[in-house]
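Please open the structure in a viewer and keep the selection panel at hand.

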2 protein chains.
Amino acid sequence: MTLTILGCYAATPRTMTNPTAQLLEMKGRMFLIDCGEGTQVQLRKHKLKFSRINHIFISHLHGDHFYGLIGLISTFALLGRKTDLHVYGPKGIKEITLLQLKLSNSWTSYNLYFHELESEESVVVFEDDKVRVTTIPLRHRVYTNGYLFEEKAGERKLNIEAVENYEIDLCYYRKIKWGGDITLDDGRTIPNEELTFDPLPAKSYAFCSDTVYTEAIVPIIKNVDVLYHESTFLESEVQYCEKTMHCTAMQAATIAKKANAGQLILGHFSTRYDSIERFKTEARTIFENSEIADDGKVFEF
Amino acid sequence: MTLTILGCYAATPRTMTNPTAQLLEMKGRMFLIDCGEGTQVQLRKHKLKFSRINHIFISHLHGDHFYGLIGLISTFALLGRKTDLHVYGPKGIKEITLLQLKLSNSWTSYNLYFHELESEESVVVFEDDKVRVTTIPLRHRVYTNGYLFEEKAGERKLNIEAVENYEIDLCYYRKIKWGGDITLDDGRTIPNEELTFDPLPAKSYAFCSDTVYTEAIVPIIKNVDVLYHESTFLESEVQYCEKTMHCTAMQAATIAKKANAGQLILGHFSTRYDSIERFKTEARTIFENSEIADDGKVFEF
């Protein structure tokens with residue numbers, strides 16, 4: 001599981017800072033999360049093979065989270081993309097994208113699917129054999145969802161030595177990987193635990209931005225391995241949180257602690273701060289395993 | 001008259017090249033021409049006081065000419081702008097902008113006026129006491145206009161020595177600057193030429209992008225001081241011009257020659273070319289005073 005931060009600053013793009021966008025690689029899938037203006041240039045800058053992105057998840061329709069989407073969709077068309085592209089986001093995202101394509105008399109060379117979200121409950125929006133993606137309803141000035149990305153538990157690992165020892169035929173290997181016991185020709189039943197090792201633990205990643213402090217998300221992200229939680233402000237500016245519906249680093253850390261997260265990554269920093277190191281210091285007073293995002297930073301889990 | 005090239009490359013933004021946007025300073029007015037994705041970052045990078053932009057002219061609704069507009073409009077609002085902003089562009093530009101603002105539940109802190117264009121004829125779209133802006137109907141895959149920016153001739157310059165010599169009263173100075181003759185108390189009439197010098201010549205700038213080769217624009221831009229004309233391709237790729245409705249450097253130079261332009265600036269280069277120097281070489285075989293644009297380049301006239 002690799003997370004590349006393409007942008008983690010609030011409000012307007014600047015020379016050295018970019019609005020929200022992240023690329024998550026999980027079980028070989030490449031998920032783009034949010035797409036602020038300039039995201040396609042960030043993808044190029046970090047030499048990411050962005051033609052492999054088949055799923056884009058947009059949290060909400062504020063500009064710093066989606067103004068780069070239409071540009072990326074257009075660029076995919078210019079590059080002659082043929083693979084289906086799925087876009088998940090609030091209702092309205094389809095209308096705005098299609099209107100822009102219509103006015104530019106440009107249509108995509110690939111199938112473009114919109115999955116518009118309206119539910120106030122957590123719902124599964126994507127699922128295949130290896131990964132599940134669920135919404136995390138957030139509380140912001142407009143309808144907003146975070147997203148929980150969960151690996152599914154893999155097959156059990158074959159204990160080759162044991163399997164060969166019992167002279168088990170190759171055709172039973174799949175059954176064994178799926179957890180089945182084996183009955184030998186002499187009638188003995190060998191329990192699965194003797195023939196396999198545990199699979200690698202399934203990992204999970206939760207993206208929560210933008211939102212005011214809300215404990216309603218805790219049950220959804222309980223025990224998540226890695227939590228990205230917005231922290232627009234420091235506690236010294238907590239008075240801005242209610243009106244703007246954002247969080248402080250301390251509030252983000254409190255959520256991480258209550259959710260028993262493995263690690264917290266802070267982001268969506270207000271551009272009022274000269275240094276973002278203070279976000280880490282503040283969060284660690286509540287939740288020790290806190291890190292800060294930064295544009296171009298890569299996290300491997 | 002100062003022209004800053006913010007971006008002059010076709011199609012998609014890349015790490016080192018930007019889509020079309022230019023800032024023209026004329027008689028103290030600051031005009032933004034086209035606004036590809038990332039324009040607001042380019043404005044910041046070149047330390048331009050972009051809050052002074054009150055008029056934005058969009059040629060057409062292809063992404064590489066206007067995907068940065070909504071971001072700039074939003075940033076103006078975030079910065080608390082109060083001054084009116086006028087946007088000129090093809091019909092549809094208002095609908096798309098308002099839809100994006102509506103979906104993000106964000107409204108501007110300033111008056112935002114749209115001047116939507118539909119005419120196939122050249123029309124005056126802006127005029128004040130010092131500058132006039134006229135459309136240049138172009139031929140492209142969608143409805144497109146170039147823009148002609150013309151300074152108005154200034155007042156005549158007072159020949160202070162002559163005026164004092166004739167002991168002309170201060171209250172006649174304005175009449176003299178406006179070209180009037182003066183009758184002295186003794187009955188003599190002093191012709192204006194004796195009392196003034198010619199004003200600085202009024203300058204003009206024509207922006208023509210994107211377009212296929214069309215001589216229909218020649219009468220509109222006749223004798224223009226500076227012509228920016230798209231040259232997406234070199235003559236070796238002229239076969240792409242008809243389908244994509246773009247020009248070669250040689251075609252752009254031919255237009256400059258026929259229009260008797262003072263200077264030609266080439267731009268909107270296809271990203272297929274490693275070096276843009278060849279555009280200049282090619283154009284100069286037809287029109288000697290040809291230059292190439294490049295991102296960040298500043299032309300003073």
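Begin by selecting D210(A), which lies in the loop between β14 (204-208) and α8 (218-221) of chain A. Helices (H or I, at least four residues) and strands (E, at least two) are DSSP runs, numbered from the N terminus. This is a predicted model, in which local features need pLDDT of at least 70 and side-chain atom pairs count only at pLDDT 80 or more, while totals for chains, interfaces and linings use all residues. Residues are numbered from 1 along each chain as its sequence is written, chains are lettered from A and ligands numbered from 1 in the order in which they are written, and side-chain values use heavy atoms, with hydrogens and water left out.

D210(A) counts as buried, at 2% relative accessibility; buried means under 20% relative accessible area, exposed over 50%, and partly exposed in between (1.4 Å probe, protein chains only). Now display the surroundings of D210(A): leaving aside residues up to four places away in sequence, D210(A) touches several residues, including H60(A), H65(A), E230(A), H246(A) and H268(A). Contact here means heavy atoms within 4.5 Å. Which side chain makes a polar contact with the side chain of D210(A)? The partner is H65(A), at 3.0 Å. A polar contact is a pair of N or O atoms within 3.5 Å; within protein, one must be able to donate a hydrogen and the other to accept it, and residues adjacent in sequence count only if both atoms are side-chain atoms.

Next, select D64(A), H65(A), D210(A) and H268(A) together, which UniProt lists for "binding site" in an unreviewed entry. These residues are spread over 205 residues of sequence yet cluster in space, with a largest C-alpha distance of 10.5 Å. UniProt positions are given in the numbering used here, feature names are shortened, and annotations may be inferred rather than shown by experiment.

From this group, centre on D64(A), whose place is in helix α2 (residues 63-66) of chain A. D64(A) is buried, with a relative accessible area of 11%. Beyond residues up to four places away in sequence, D64(A) touches A10(A), A11(A), P19(A), T20(A), G36(A) and H268(A). A polar atom of the D64(A) side chain lies 3.0 Å from the backbone nitrogen of A11(A).

The structure holds three cavities of 30 Å³ or more. On a 1 Å grid over the protein atoms alone, a cavity is a set of points where a 1.4 Å probe fits but cannot get out, and lining residues have an atom within 4 Å of a point. Grid points are joined across faces, edges and corners, and a volume is the space filled by probe spheres set on the points.

For the largest cavity, with a volume of about 50 Å³, select F66(A), Y67(A), L69(A), I70(A), I96(A), T97(A), Q100(A) and Q100(B), which line it. α4(A) gives the most to this lining, with three residues.

For the second largest cavity, which holds about 40 Å³ of space, select Q100(A), F66(B), Y67(B), L69(B), I70(B), I96(B), T97(B) and Q100(B). α4(B) gives the most to this lining, with three residues.

Finally, select L98(A), in helix α4 of chain A. L98(A) is partly exposed, with a relative accessible area of 31%. Not counting residues up to four places away in sequence, L98(A) touches W107(A) and F114(A).

Definitions and conventions
On a 1 Å grid over the protein atoms alone, a cavity is a set of points where a 1.4 Å probe fits but cannot get out, and a pocket is an open set with protein on both sides within 12 Å along at least five of seven lines; lining residues have an atom within 4 Å of a point.
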